[in-house]
Amino acid sequence: MSVTSPVGSIITVHNPGTGELLGEVEAATAEQVAAAVADAQEGQRAMAALAAHERADLLRRVSDLIEAEQESLALLLAAENGKPLPQTRGEVAAAIRIFRGYAGETTRLFGRQIPLDAVPGLERHLAVTMREPLGVVAALVPFNYPVELYAHKAAAALAAGNAVIVQPPARCPLALVRVAELVEQAGAPRHAHQLVTGGLQVSQALAELPGIAAVSLTGSTAAGREIARLGSQTLKKVLLELGGNDALIVCDDADVDDAARAVVLGRLARGNGQICCAVKRVYVQDGVHAAFVDSLLEQTAKLTVGDQLRESTDVGPLIAEQAAEQVVAAIGRLVEDGARLVAGGERRGAFVDPAVLVDVPTASAAFAEEIFGPVAPVARFSDPLEAVRMANESPYGLQAAVFTRDISRAFAIAQRLDVGGVIINGSTALRAENLPFGGTKDTGGYREGLHETVLDLTRQKTIVVMEAFG
């Protein structure tokens with residue numbers, strides 16, 4: 001399993017499936033983190049001095065360098081993270097698109113002219129706004145999609161003229177260490193892009209230090225609350241994309257095979273189930289429940305669990321054996337509460353066979369938890385409004401999905417769901433870089449995406465010209 005070491009020591013990185021040692025990185029000390037923040041002030045000034053077209057060119061050069069190493073980065077990410085290789089190829093491809101997308105956004109940081117003649121007595125004055133860099137941005141990156149989520153944060157920060165300090169996930173930092181070398185090779189100004197490796201103490205330091213203007217975190221709700229608390233002491237901007245317990249609602253007029261496929265591909269065989277927007281709760285209407293479960297079991301049985309570096313693998317090891325133990329324990333709690341385990345659920349080291357549970361009691365505390373692994377718990381409902389009520393009872397509100405052939409019903413349900421995004425006739429595990437992504441309630445309320453993040457990492461300045469119109 002991967003091992004996270006204390007601050008100031010060596011972090012050893014292992015293949016979570018085989019235990020093979022992949023590399024080592026040094027965890028930053030408190031002094032090193034503080035020095036990185038101090039150096040970043042110089043980097044921020046250098047980034048802010050670059051013209052928009054120069055920042056765009058920098059991001060395009062980074063994307064080209066990542067593309068040139070796409071296969072080796074995908075192999076390294078799969079080895080250290082556990083996701084199957086075809087999926088890590090897709091993740092690196094997404095990062096390339098994101099850097100190129102933010103290169104375009106760099107040249108679209110528009111200000112605006114505000115008509116002062118809307119206010120009596122100010123008719124002859126001119127007011128305009130302009131966008132300026134926010135300052136140094138700290139990017140706290142999770143283990144499940146580190147390269148893609150890093151790109152959302154770091155590319156946006158650089159596009160807006162900020163410096164960025166990246167904390168890669170301690171369990172799988174190696175791919176981002178290499179990407180950081182490529183950013184330097186692309187010609188980023190000195191100290192404009194830095195990596196600080198380590199665990200909780202590094203995250204806390206970045207949230208506390210006054211030289212940081214904004215912290216962007218993708219992580220658990222518990223981690224988000226702590227980062228928000230620490231960040232509030234210096235009134236820095238805190239951008240949180242947190243946990244989810246996404247519901248998929250299957251109505252009695254749905255295509256059950258498509259709905260089952262959405263659970264398999266959006267939960268059991270995507271990211272080894274370790275995705276914040278994965279399908280985590282399935283509600284099926286009584287009339288199609290039996291047919292849906294049959295299809296789900298048939299499709300689940302075809303999944304291949306094994307070495308994530310093999311092209312044929314659908315489900316690889318979880319990030320660590322401890323994570324697999326937690327998933328199996330959650331399955332056990334669901335069974336104790338009355339659910340029936342009808343497929344999978346066995347653990348071998350960090351591997352967990354994709355699990356399907358039926359007759360899940362909706363009042364189960366375990367059903368309300370975010371289970372981070374390949375587990376599909378299925379509950380029943382009789383009326384779609386009942387399913388909406390149960391879905392909304394979750395403290396999380398990231399995404400949800402609705403399967404129905406009735407478009408009016410689909411929109412009626414979507415309107416009532418208290419979430420950040422609703423997918424109709426598809427899996428919740430959908431994220432396109434040009435869509436706003438985020439949720440409500442304990443998911444954090446923030447929206448991350450090409451058009452949103454770059455604006456969040458700037459500030460507006462208003463300039464008024466008195467008597468501009470004589």
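**View A. Lining of the second largest pocket.** Helix α4 contributes the most to the lining of the second largest pocket, giving 5 residues. The structure shown is a predicted model, and the volume computed for this second largest pocket is about 330 Å³. Among the 17 residues that line the pocket, those closest to its centre are Tyr145, Glu148, Arg270, Ile275 and Arg431. The elements that supply two or more residues to this lining are α4 (85-106) and α5, the latter being the helix that spans residues 146-159. Sorted by class, the lining of the second largest pocket holds 9 nonpolar, 3 polar and 5 charged residues.

**View B. Lining of the largest pocket.** Two or more lining residues come from each of the elements α7 (200-208), β8 (214-218), α8 (221-232) and α11 (321-336). By class, the residues of this lining divide into 22 nonpolar, 14 polar and 6 charged.

**View C. Strand β6 and the burial of its two faces.** Strand β6, which covers residues 163-167, is mostly covered, with 5 of its 5 residues buried. In a regular strand the side chains alternate between the two faces of the sheet. For β6, Ala163, Ile165 and Gln167 lie on one side, whereas Val164 and Val166 lie on the other, and all of these residues are buried, so that both faces of the strand are covered.

**View D. Pairing of β5 with β6.** Strand β5 (residues 136-140) runs parallel to β6, and 5 bridges join the two strands. Within this pairing, Val136 has Ala163 of β6 as its bridge partner. Together with helix α5 (residues 146-159), strands β5 and β6 form a right-handed β-α-β unit.

**View E. Pairing of β6 with β7.** On leaving β6, the chain passes through helix α6 (residues 174-185) to reach β7, and this β-α-β crossover is right-handed. Strand β7 (residues 193-195) pairs with β6 in the parallel sense over 3 bridges. In this pairing, the bridge partner of Val164 is His193 of β7, and Val164 is also one of the buried residues of β6.

Conventions. Residues are numbered from 1 along each chain as its sequence is written. This is a predicted model: local features need pLDDT of at least 70, side-chain atom pairs count only at pLDDT 80 or more; totals for chains, interfaces and linings use all residues. Side-chain values use heavy atoms; hydrogens and water are left out. Buried means under 20% relative accessible area, exposed over 50%, partly exposed in between (1.4 Å probe, protein chains only). Helices (H or I, at least four residues) and strands (E, at least two) are DSSP runs, numbered from the N terminus. Two strands pair if DSSP finds at least two bridges between them. A crossover is right-handed if, with the strands pointing away from the viewer, the path from the first strand over the helix to the second runs clockwise. Ala, Val, Leu, Ile, Met, Phe, Trp, Tyr, Cys and Pro count as nonpolar, Asp, Glu, Lys and Arg as charged, and the others, Gly among them, as polar. On a 1 Å grid over the protein atoms alone, a cavity is a set of points where a 1.4 Å probe fits but cannot get out, and a pocket is an open set with protein on both sides within 12 Å along at least five of seven lines; lining residues have an atom within 4 Å of a point. Grid points are joined across faces, edges and corners, and a volume is the space filled by probe spheres set on the points.
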